[in-house]
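Here is a friendly briefing on the pockets of this protein. Have the model open as you read.

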Amino acid sequence: MASDSKSRGGPPGELYDPAAFEVFYRRHVDTVTRFMARRVTDPHTVADLTAETFLAVIDSARAYRPDLGSETAWLYGIARNVVAAEARRSARQNVLGGRIAGRRLLEGDDIDRLEEKLDAEEAGRRALAALVRLPDGERAVIELVAVDQLSVTEAAVALGIRKVTARVRLHRARRSLRSAAAGAGGQQAALTYAGGEA
């Protein structure tokens, strides 16, 4: 790892440095675990996807550019790709047999800890479920801004789009959610997460 990366505290750079990676991992593992717990309900899957995200970090550390956004935005971009890959993988597999076959066993304490995170992120999952009617691009921006608490700039970096495009998609998503909430009072959770106009 280059010395400027160490002083910056950023993700591991071109040369893999286990000590620096451990610091990076400890700094972000809870954030990534919460991100996953908002998107899946099984503690084993949360653990697996969190681990896969950090393996992907090692593989793509050279792609991190601090001038484009925060470490969190970069991590969320990787985590979104991991979740999408898991969804594609699950769609192709037998639901029970394929999921049990390659899974490592978790200790009872690990399951309890992950179930606590799953419970804590239930409102986030409900808000994400309310967003399913939005077009993919709008939904992706509002998930990252309203649910995952990224700035519009960081969401644009995570999605690989321009900031102005992210702002337009966010505005459209919020307008659609307001319209849906006006038609059905049960959509209030989505509005709470969507926040006001930026």
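The largest pocket holds about 390 Å³ of space. The model is predicted, so local features need pLDDT of at least 70 and side-chain atom pairs count only at pLDDT 80 or more, while totals for chains, interfaces and linings use all residues. Residues are numbered from 1 along each chain as its sequence is written, and side-chain values use heavy atoms, without hydrogens and water.

**Largest pocket**
- A lining of 15 residues surrounds this pocket, and R39, R80, V83, R139 and E143 are the closest to its centre.
- Because domain 1 (12–104) and domain 2 (113–192) both give residues to the lining, the largest pocket lies between them.
- At least two lining residues come from each of α4 (71–92), α7 (122–130), α8 (136–147) and α9 (152–159), with α4 giving the most, 5 residues.
- The lining has 7 charged, 6 nonpolar and 2 polar residues.

**Second largest pocket**
- This pocket has a volume of about 300 Å³.
- Of its 18 lining residues, Y25, V29, A47, T50 and A51 are the closest to the centre.
- Two or more lining residues come from each of α2 (18–37), α3 (43–60) and α6 (108–120), and α3 provides the largest share, 8 residues.
- The lining has 11 nonpolar, 5 charged and 2 polar residues.

**Terms**
- A pocket is an open set of points on a 1 Å grid over the protein atoms alone, where a 1.4 Å probe fits, with protein on both sides within 12 Å along at least five of seven lines; lining residues have an atom within 4 Å of a point.
- A volume is the space filled by probe spheres set on the points, which are joined across faces, edges and corners.
- Helices are DSSP runs (H or I, at least four residues), numbered from the N terminus.
- Ala, Val, Leu, Ile, Met, Phe, Trp, Tyr, Cys and Pro count as nonpolar, Asp, Glu, Lys and Arg as charged, and the others, Gly among them, as polar.
- Domain bounds come from an automatic or database domain assignment.
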